[in-house]
Amino acid sequence: MRLDLHALPPTAIPAGITVQPWEEDTRHLFFQAYQRSFADRPGFPGWSQQQWIDWTVDDAFRPHCSLVARRHDGDLLGFVTCAQGFLIQIGTLPARRGQGIGRMLALAALDRLRAAGDTHVLLDINVNNPASAALFSGLGFTPIARRARYE
């Protein structure tokens, strides 16, 4: 899916929620949010923190655009990781789904990507994740291709 960042709606972080960028002392929070967001998904790889970080971080990774969300009491809500022109991964903890956390994180990250000079953003969505497809369609992303997967 693809989104032109010129048409991005405004971003607001609700009261009681804190977002923090990827830093040396927050990356463990990202990993915890990743594990708790996706452990129930089919095909979850069960990687170690280092394996997931190695998969996530490359030369195009944008730590200042990647965000983890928590309530002020420290309770994890979700995360988003970004690379130049790409949303790598976004996840919301199961107990927090349907509360706008994913939308808020996506918009905050997209706003930071736009401020960093990106003009459009791409992302991949698994075909067995209709909730994610609905979220991003609602934000204005449009499908541009469908990839086959061969095993």
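Let me start with Arg62, which touches Cys82, Ala83, Gln84, Leu113, Ala116 and Asp118, leaving out residues up to four places away in sequence; contact here means heavy atoms within 4.5 Å. Arg62 sits in the loop between α2 and β3 (67-71). Helices (H or I, at least four residues) and strands (E, at least two) are DSSP runs, numbered from the N terminus. Arg62 has a relative accessible area of 12%, so it is buried; buried means under 20%, exposed over 50%, and partly exposed in between, with a 1.4 Å probe and protein chains only.

A word on the model. It is a predicted one, where local features need pLDDT of at least 70 and side-chain atom pairs count only at pLDDT 80 or more, while totals for chains, interfaces and linings use all residues. Residues are numbered from 1 along each chain as its sequence is written, and side-chain values use heavy atoms, with hydrogens and water left out.

Next, Ile90, in strand β5 (residues 86-92). Its relative accessible area is 18%, so Ile90 is also buried. Beyond its neighbours within four places in sequence, Ile90 is in contact with Phe38, Phe79, Val80, Gly102, Leu105, Ala106 and Phe136. Phe38 is 52 residues from Ile90 in sequence, and their C-alpha atoms are 9.8 Å apart.

Now the helix pair. At what angle do the axes of α1 and α2 cross? For α1 (residues 27-38) and α2 (residues 49-56), roughly 95 degrees, and the axes come within 10 Å. Axes are lines fitted to C-alpha atoms over the stretch in contact, with angles from 0 to 180 degrees between N-to-C directions. That makes the two helices roughly perpendicular, a label for 65 to 115 degrees; under 35 is roughly parallel, over 145 roughly antiparallel, and the rest oblique. From α1, Arg27, His28, Phe30, Phe31 and Tyr34 meet Gln49, Trp52 and Ile53 of α2.

Gln50 is also found in α2, and at 42% relative accessibility it counts as partly exposed.

Last, the largest pocket, with a volume of about 1900 Å³. A pocket is an open set of points on a 1 Å grid over the protein atoms alone, with protein on both sides within 12 Å along at least five of seven lines; lining residues have an atom within 4 Å of a point. The volume is the space filled by probe spheres set on the points. Of 48 lining residues, Arg41, Asp124, Ile125, Asn126 and Asn129 are the closest to the centre. Helix α1, strand β5, α3 (101-115) and α4 (130-138) each supply at least two lining residues.

Conventions: 1 Å grid on protein atoms, 1.4 Å probe; cavity = no way out; pocket = protein on both sides within 12 Å on 5 of 7 lines; lining within 4 Å.
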